[in-house]
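Q: Hi! Could you walk me through this one? I'll jump around a bit.

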Amino acid sequence: MLTERVVFRGISAQLADLCTRLGLPARPFAPPIAPSLMLQPSVPRLEYPRRDLPPQVRFIGPLIPPTGGFTPPAWWNDVVTAERPVVLITQGTLATRPEQLLRPALAALADEDVLVVAAGVAPARLGPLPTNGRAAAFVPFTALLPHVAVSLTNGGYGGTVQALSHGVPCVVAGRSEDKAEVAARVAYSGAGLNLSTATPSPARIRAAVRRVLREPAFREQAGELGRELRQHDAPREAADWLETLGGKK
């Protein structure tokens, strides 16, 4: 398969080397597939058409973490009352080196007529912010995303699906873990752009954000996808499928 030969080629080589060192038969890497039930926190609209999709895969919609106790930062009113587009920048919880996306994005958008919110990294790691920049180590997306026009992300699955569930189009710049696949699915759905790199230049970031803000098709597609995502109740559906698997229904 193309996925095995291209997407997982590097990790398959590492796995083969490890098997050799352990005296085990070499085998290519493949994502684990649960034999009886596999719950996918998404919707078919965010998946490629596939003839090989296992029949035990069930789409249950997004898993949205609760907001919990949220103390808004001092600049929160700037977001709530913003008359210009709000652009969210996030690198999730793992790939948080700010030089990859956060700093280039802040520089790229410094002179744009937008309000930029950098979330997920301590502001001290970002250096001086431009006048249109705001930052916080944590802002719950459930509170922030209703005000956001574009999400600029490295493709973390949870954050990307949360943005789409609010109808927010995405510009995705990520290549590690599952991020390349997330980026490809966003582009395939028409709900955003795939920059095909984890380290985009400020010029590419600026052009991508401008395009998503200018062309209504991205927000329209993200809105359609958001409506489909919001039709689900992932915790309840997951519980129902697990009970079915256990023979309780």
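Q: Let's start with Phe138: buried or exposed?
A: Phe138 is exposed, with a relative accessible area of 56%. Buried means under 20%, exposed over 50% and partly exposed in between, with a 1.4 Å probe and protein chains only. This is a predicted model, in which local features need pLDDT of at least 70 and side-chain atom pairs count only at pLDDT 80 or more, while totals for chains, interfaces and linings use all residues. Residues are numbered from 1 along each chain as its sequence is written, and side-chain values use heavy atoms, without hydrogens or water.

Q: Where does Phe138 sit?
A: Phe138 is in the loop between E5 and H5. Along the chain, Phe138 and Pro73 are 65 residues apart, and their C-alpha atoms are separated by 9.4 Å.

Q: OK, on to the sheet. What order do the strands come in?
A: The order is E5-E4-E3-E6-E7-E8, in an open sheet of six strands with parallel pairing. Two strands pair if DSSP finds at least two bridges between them.

Q: Which strands are at the edges?
A: Those are E5 (133-136) and E8 (192-194), each of which pairs on one side only. Neighbouring strands of this sheet are turned by 15° against each other on average, direction ignored. That angle is between lines fitted to C-alpha atoms, on a scale from 0 to 180 degrees between N-to-C directions.

Q: Let's look at E3. How many of its residues are buried?
A: Five of the five residues in E3 (86-90) are buried. Val86, Leu88 and Thr90 point one way, while Val87 and Ile89 point the other way. In a regular strand, side chains alternate between the two faces of the sheet.

Q: And which strands does E3 pair with?
A: E3 runs parallel to E4 (115-119), with five bridges joining them. E3 also pairs with E6 (150-153), again in the parallel sense, over four bridges. Val87 has a bridge partner in each: Val116 in E4 and Val150 in E6. Further along, Leu88 is partnered by Ser151 of E6, and Thr90 stands opposite Thr153 of E6.

Q: What does Val116 meet in E5?
A: The partner there is Gly133, and E4 and E5 pair in the parallel sense over four bridges. In E5, Gly133 and Ala135 point one way, Arg134 and Ala136 point the other way, and all are buried.

Q: Is E6 covered on one face or both?
A: Both faces are covered: Val150 and Leu152 on one side, Ser151 and Thr153 on the other, all buried. E6 also pairs with E7 (170-172) in the parallel sense over three bridges, and Leu152 has Val171 as its partner in E7.

Q: Which β-α-β units are there around E3 and E6?
A: E3, H4 (102-108) and E4 make a right-handed β-α-β unit, and E6, H6 and E7 make a right-handed one too. Right-handed means that, with the strands pointing away from the viewer, the path from the first strand over the helix to the second runs clockwise.

Q: Switching topic: what lines the second largest pocket?
A: The lining has 28 residues, and Thr90, Gly92, Thr93, Phe141 and Gly159 lie nearest the centre. A pocket here is an open set of points on a 1 Å grid over the protein atoms alone, where a 1.4 Å probe fits and protein lies on both sides within 12 Å along at least five of seven lines; lining residues have an atom within 4 Å of a point.

Q: What is its volume?
A: The second largest pocket has a volume of about 470 Å³, counted as the space filled by probe spheres set on the grid points, which are joined across faces, edges and corners.

Q: Last one: what's the backbone doing at Ser196?
A: Ser196 has a positive phi of about 60° although it is not a glycine. Ser196 lies in the loop between E8 and H8 (202-214) and is partly exposed, at 45% relative accessible area.

Notes:
Helix = DSSP H or I, 4+ residues; strand = E, 2+ residues; numbered from the N terminus.
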